[in-house]
Amino acid sequence: FPLPMGHGFPRGAGATPRAVDVDDSEWMFPPPIKKGNCGGDLSYAKQRAKEERKWLLVNLQALDNFQSHQLNRDTWSDETIQALLESSFIFWQRSSASEAGRQYLNLYRVAPEDLPEIAIIGPTGIKLFSHSGFLPPAELSGMVLEFLEQNSLDSKDAPKMRQRKRSTSGGEDLALPVPSSTASAQRTDLADELGLSAEDLELERALQMSMAAAEPLGDERGDAEGSPTPDLAQSEEEQALSSEKGAAATHLPPGFKDTLRNEPEKGVPNTTRLQLRLADGRTLVRRFFLDDKIAAIYAVVCAEVEEASSRAFTLQPPMNSLELLSVADSTLEDCDLTNSKIIMRWV
């Protein structure tokens, strides 16, 4: 299932470097993404990501590790994963046997036993997310959507850093935040290697900490132990119920149910797929016509999530501040929502 021609290449550009790596005959399951695999070395891929305002997603593989073959067979061939890569990432996949792959291992100090590695790299060259080992497509898509939901290329806040390592007990992988001391050392080391300013990186970290410190630590209206009095609690509950009922009349576009048409089949022209991250944690992929109204997305959400008809929520692309309710009468094509993802959040 190769990605569409031209994925990951700048529009209007001339010849681009090829992805130089081992021959497909050496793989049990060769990498399925061909045209979407960014050519050139890592520096070229980083520059491409900056120019196209996308994140850089790296997959470093090892021929002698079956989990690398599993990723090719199960994960990178998945239609949903390919849609995510196409919309938000420059994809750069290499084996550790290639020269570019060895450069990555040395630059980011990745041990051969930690392969295969999946990593997301930000505009400054810092590795913001990494996972060691195989990931099934459903789990990877959830993690990628969570990353996109928490981080924005337009944000002034320092991106959140996460590492995922194989479980030494043989169970499920463990997802852990990078300890502050480890993250600081990693940033300092990479700043030296990449020629970045360590002061700028520390400024980003300080900005993130100051923003977190500015958030309220809790409800200060209760008694000395932080618990509200019964009368106040009752009043707040009534206010919340009243607010929710009021919001239910305004968080859905008028006549939205009438805008939903039957889902078009795969291959029908002038259609696109949307990936919906629902507020209950589920991910739904559905096809729409390009001239479908944005309001039709609300109809799908309300059909899938029982509370959605009465509980206020927002729909929003992760890389955009636009709330879709304001453009509910526009079409998907008008809003450039092709092969996109939409995040549902409770208000």
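Predicted model: local features only at pLDDT ≥ 70, side-chain atom pairs only at ≥ 80, totals over all residues.
Me: Is D336 buried or exposed?
Reply: D336 is found in the loop between β9 and β10. Its relative accessible area is 58%, and the cut-off for exposed is over 50%. D336 is therefore exposed.

Me: What is the phi of D336 near?
Reply: D336 is a residue other than glycine, and its phi is positive. The value is near 60 degrees.

Me: R109 is not a glycine either, so what is its phi, and how does its accessibility class it?
Reply: R109 lies in the loop between α4 and β3. At 56% relative accessibility, R109 counts as exposed. Its phi is positive, at about 55 degrees.

Me: Thanks! Stepping back, how many helices and strands are in the chain?
Reply: The chain has 347 residues, and 42% of them count as buried. Among contacts between residues at least 6 apart in sequence, 69% join residues at least 24 apart. As for secondary structure, the count is nine helices and ten strands.

Me: Why is helix α9 largely enclosed by the rest of the structure?
Reply: Helix α9 covers residues 295–304. The buried residues of α9 are A295, A296, I297, Y298, A299, V300, V301 and C302. Helix α9 is largely enclosed because the buried residues make up eight of its ten.

Me: And which strands do the buried residues of α9 pack against?
Reply: Contact here means heavy atoms within 4.5 Å. The partners of these buried α9 residues are β7 (271–277), β8 (283–289), β9 (313–316) and β10 (340–346).

Me: Now for helix packing: how are α3 and α5 oriented to each other?
Reply: Two packed helices are described by the angle between their axes and the distance between the axes. For α3 (residues 79–88) and α5 (residues 137–150), the axes are 9 Å apart and the angle is about 25 degrees. Angles under 35 degrees count as roughly parallel. So α3 and α5 are roughly parallel to each other.

Me: What is the handedness of that crossing of α3 and α5, and how do the residues of the contact divide?
Reply: The crossing of α3 and α5 is left-handed. From α3, the contact uses T80, I81, L84 and S88, while α5 supplies P137, L140, S141, V144, L145 and L148. By type, the contact of α3 with α5 divides into seven nonpolar, three polar and no charged residues.

Me: How many aromatic pairs does the structure hold, and what is the geometry of W76 and F91?
Reply: The structure holds six aromatic pairs. In the pair of W76 and F91, the ring centres are 4.8 Å apart and the planes are at 50 degrees. The pair links distant parts of the chain, with W76 in the loop between α2 (66–75) and α3, and F91 in strand β2 (residues 89–95). Both W76 and F91 are buried, and their geometry is tilted.

Me: Which residues is L56 in contact with, beyond its neighbours within four places in sequence?
Reply: L56 is found in strand β1 (residues 55–61), and at 1% relative accessibility L56 counts as buried. Its C-alpha lies 7.3 Å from that of A45, eleven residues away in sequence. The contacts of L56 are L42, A45, K46, A49, F89, I90, W92, A119, I120 and I121.

Me: Last one: what separates the C-alpha atoms of D21 and R94?
Reply: D21 is in the segment before α1 (42–51), and at 31% relative accessibility D21 counts as partly exposed. Not counting residues up to four places away in sequence, D21 touches Q93, R94, S95 and S98. D21 and R94 are 73 residues apart along the chain, and their C-alpha atoms are separated by 6.6 Å.

Key:
Residues numbered from 1 in each chain as written. Heavy atoms only, no water. Axes fitted to C-alpha atoms, helices over the stretch in contact; angles between N-to-C directions. Helix = DSSP H or I, 4+ residues; strand = E, 2+ residues; numbered from the N terminus. Parallel < 35°, antiparallel > 145°, perpendicular 65-115°, else oblique. Left-handed = near helix turned anticlockwise from the far one by under 90°. Nonpolar A, V, L, I, M, F, W, Y, C, P; charged D, E, K, R; others polar. Phe/Tyr/Trp six-rings, centres within 6.5 Å; stacked < 30°, edge-to-face > 60°. Buried < 20%, exposed > 50% of the residue type's maximum accessible area, 1.4 Å probe, protein only.
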